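Student: I've just opened this one. Could you walk me through how to read it?

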Protein chains: 2
Amino acid sequence: MTDKTKKKSKIYKPKPISGFPEWLPEERLVEQRWFDHIRKVFESYGFCSIETPSVEETDVLLAKGEVDKEIYEIKRIHNDGNDKESRLALHFDQTVPFARYTAQHFNELVFPFKRYQMQRVWRGERPQMGRMREFYQCDIDVINIDNLPLSFDAEMAAVMYEVMEGLNIGRVQMRISNRKILIGLLNSLGIDNPVPVTRIIDKIEKLAPEIINDLLKEEGLSDEQVNKIINLAKIKGTTDNLNALAIENDLMREGVEELNDVLNNLSHLPVDAVIADLSIVRGLDYYTGTVYETQLLDVPEFTGSVCSGGRYDDLAGGFINKHLPGVGISLGFSRLFEVIRQSRPDLLDIGPKSPTDILLYTEDKALSSEANKTAQTLRQRGLNVEVYATVKKWDKHFNYAKKKLIPYIWYVSADNKHEIKNIKTGEQTNANPTTWSK
Amino acid sequence: MTDKTKKKSKIYKPKPISGFPEWLPEERLVEQRWFDHIRKVFESYGFCSIETPSVEETDVLLAKGEVDKEIYEIKRIHNDGNDKESRLALHFDQTVPFARYTAQHFNELVFPFKRYQMQRVWRGERPQMGRMREFYQCDIDVINIDNLPLSFDAEMAAVMYEVMEGLNIGRVQMRISNRKILIGLLNSLGIDNPVPVTRIIDKIEKLAPEIINDLLKEEGLSDEQVNKIINLAKIKGTTDNLNALAIENDLMREGVEELNDVLNNLSHLPVDAVIADLSIVRGLDYYTGTVYETQLLDVPEFTGSVCSGGRYDDLAGGFINKHLPGVGISLGFSRLFEVIRQSRPDLLDIGPKSPTDILLYTEDKALSSEANKTAQTLRQRGLNVEVYATVKKWDKHFNYAKKKLIPYIWYVSADNKHEIKNIKTGEQTNANPTTWSK
């Protein structure tokens with residue numbers, strides 16, 4: 001306005017911030033369609049929604065250890081140092097907040113507590129790694145007092161399979177194991193602390209066999225022990241492969257029985273949708289039974305698991321003196337969306353740039369009241385209607401509708417005659433706002 | 001598990017974090033109902049959704065000045081000091097991010113660009129003030145190149161009125177003015193810099209008349225000037241009151257004409273839903289025309305405005321060398337939700353603790369496959385069905401359904417006969433999963 005030259009000198013050209021994605025309106029519409037679908041499936045199984053604050057006390061987040069490098073703390077710019085506040089940090093997943101929530105509101109919740117949570121999480125990754133530092137996760141968990149039926153372990157997988165099947169991301173394969181099998185084997189081999197071994201096996205898909213071998217030996221394991229562990233981790237496929245295992249240990253037998261039970265409860269899903277895979281152990285130490293990972297079979301660019309989780313004996317134990325076993329799975333929403341957007345945009349089916357069904361237009365300013373009334377009638381019938389405000393030569397509004405991929409233009413003309421034009425076909429017909437439908 | 005005494009000593013009892021609210025599942029269900037309604041109204045007018053990252057560069061947020069006290073910066077805990085990264089901070093509103101987004105994606109957007117945005121924002125308030133430090137805002141804005149028809153100023157108010165009417169929060173009143181009226185008066189009084197005076201008038205509802213008087217005099221205004229300003233700010237009601245104004249200035253006349261035009265375009269709304277109120281100026285300096293505030297008439301505990309905004313000439317000017325006028329309104333979602341929750345819980349109509357329509361139950365474990373199939377048939381028909389997994393004595397599942405306020409229990413019994421019980425009425429009838437409806 002005032003002085004154009006002066007303004008030019010002040011312009012700060014904004015750039016994307018590495019690791020913090022944002023989408024164009026047409027991409028966001030697809031993202032919303034994904035969220036709506038996921039929510040609908042979650043709710044159809046009776047999961048209720050919760051949201052927790054974006055922050056937790058830093059000490060709560062650090063209690064799990066080994067994550068401190070990834071955490072963003074928040075600080076008021078003008079903190080005067082007088083606040084005796086706890087340190088706060090953005091949550092890096094939804095599992096710790098869920099455990100804290102369950103403990104804090106224990107007396108007001110009904111158990112088994114089935115909840116879903118679809119929020120942003122933050123990881124303080126180094127920007128040069130090209131990883132996301134802010135992204136959505138979609139989680140479901142069931143938690144109960146003292147014991148939780150194994151049928152929920154199958155339900156979790158069934159829900160997430162239904163979710164992914166409806167996203168149109170090609171074939172997915174859920175790979176399931178039970179930690180008791182590997183830990184049972186380790187026990188039978190005289191290995192008391194399973195943590196270092198499970199952490200190595202967790203990397204079996206990413207590292208060469210020799211390296212896995214070397215890493216296990218560095219833990220002091222013998223050739224025979226290493227071979228037994230690696231042979232176990234190679235078992236994949238149906239429950240038949242499991243039955244062929246020489247069960248040497250009670251815990252191992254329990255694990256195989258549980259895994260068989262879960263797989264049998266998922267036998268209604270397509271062949272190859274769910275398989276046993278004993279290399280799956282998950283990196284997190286709190287898993288104690290069933291563990292899940294998921295691969296995109298038609299998007300090889302997506303390395304790693306898109307949807308993972310497992311059963312835990314007592315996740316909220318640090319917050320409350322109750323025994324609260326649970327099982328949960330987390331879908332890495334934003335990472336999945338971004339990979340599909342980059343490598344399979346055909347699957348995203350990106351279309352219109354707005355939710356508008358009809359662009360309503362009149363050439364006569366005196367008819368603007370009639371135009372608004374017509375728009376309101378159509379809206380009350382569930383249609384999304386944008387009134388094109390400027391009265392200009394006819395092709396302006398037509399180009400606007402075309403650019404936004406709005407499918408219909410509605411004309412309110414001087415003789416109060418309504419006409420509707422289908423932009424794709426060019427067909428134009430008379431229409432009544434109280435009866436017209438797509 | 002292992003050692004209960006040892007565990008007890010490690011328990012960290014979680015407490016709420018001041019200023020970061022979270023809701024119980026039954027409250028969250030109402031919150032979701034609110035969000036769904038708001039989104040539906042926004043989309044029915046053709047607004048498209050966007051989301052921006054939670055952070056912006058600190059310098060971008062500080063460019064507007066006077067807000068630095070309220071900003072939370074984020075820092076990686078293990079920042080090694082070698083990252084040559086910009087400082088990042090959580091956004092404190094959605095207006096600056098929207099302006100930045102519009103400039104950054106200018107060539108990919110279609111103008112007029114109508115967008116809505118419903119995200120969390122953060123303000124680094126001192127905790128002892130009891131204010132929210134994380135909350136949702138629901139914003140709509142329209143922005144265009146070079147000029148934007150005044151009809152959008154009325155549309156904004158119409159959309160937000162429809163939003164609030166559907167939230168069941170009692171009567172609301174939108175109060176509208178046009179900044180050109182006051183600034184025109186100040187020009188005619190020879191006051192060149194309107195900013196200090198508008199900031200004082202913005203506080204006219206919160207401070208006693210004598211204090212407003214004194215503050216204006218401290219700015220060097222004469223008694224006559226002060227009287228004229230205060231008399232103007234007292235004007236409230238219909239457009240008739242405006243017409244009685246002695247128009248002394250072109251800018252003022254333009255403002256009155258615009259305000260009349262906006263009010264006339266809202267005349268289809270109920271009496272008292274929208275009024276002229278010349279004391280409304282808004283604190284933010286970037287508003288140049290229409291300004292809005294909204295009061296809850298039936299919730300006097302809510303002081304201040306629940307839904308505010310205005311027209312700006314060139315909000316994105318700092319980011320791009322284009323003239324982009326716009327108009328927008330922001331609904332303070334979380335603050336509104338919290339006030340209604342505290343002072344008018346009757347209006348929230350809090351009900352069930354889950355979205356479940358039917359709890360499905362069988363006494364016979366052998367029927368679990370039939371139970372799952374029945375549940376899936378009902379889900380495909382749009383019903384939310386929870387399978388009660390544990391086979392225990394009959395009243396366990398009944399109590400569970402009662403506590404969660406699940407309306408129906410579906411029994412799959414040994415002879416494969418389906419029965420459904422309405423928990424409220426106690427009525428129990430035979431039912432077929434392919435035809436049953438609520």
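**Where the chains meet**

Tutor: Let's begin with a strand pair: strand 3 (residues 72-76) of chain A and strand 3 (residues 72-76) of chain B run antiparallel and are joined by five bridges. Strands here are DSSP runs of E, at least two residues long, and helices are runs of H or I of at least four, both numbered from the N terminus; two strands pair if DSSP finds at least two bridges between them. In this pairing, Ile74(A) sits opposite Ile74(B).

Student: What kind of model is it, and how is it numbered?

Tutor: It's a predicted model, where local features need pLDDT of at least 70, side-chain atom pairs count only at pLDDT 80 or more, and totals for chains, interfaces and linings use all residues. Residues are numbered from 1 along each chain as its sequence is written, with chains lettered from A and ligands numbered from 1 in the order in which they are written.

Student: How many residues of chain B are in contact with chain A?

Tutor: Contact means that C-beta atoms, placed from the backbone, lie within 7 Å. Here 80 residues of chain B contact 79 of chain A. Helix 2 (residues 25-44) of chain B gives the most to that side of chain B, with six residues.

Conventions: Contact = placed C-beta atoms within 7 Å.
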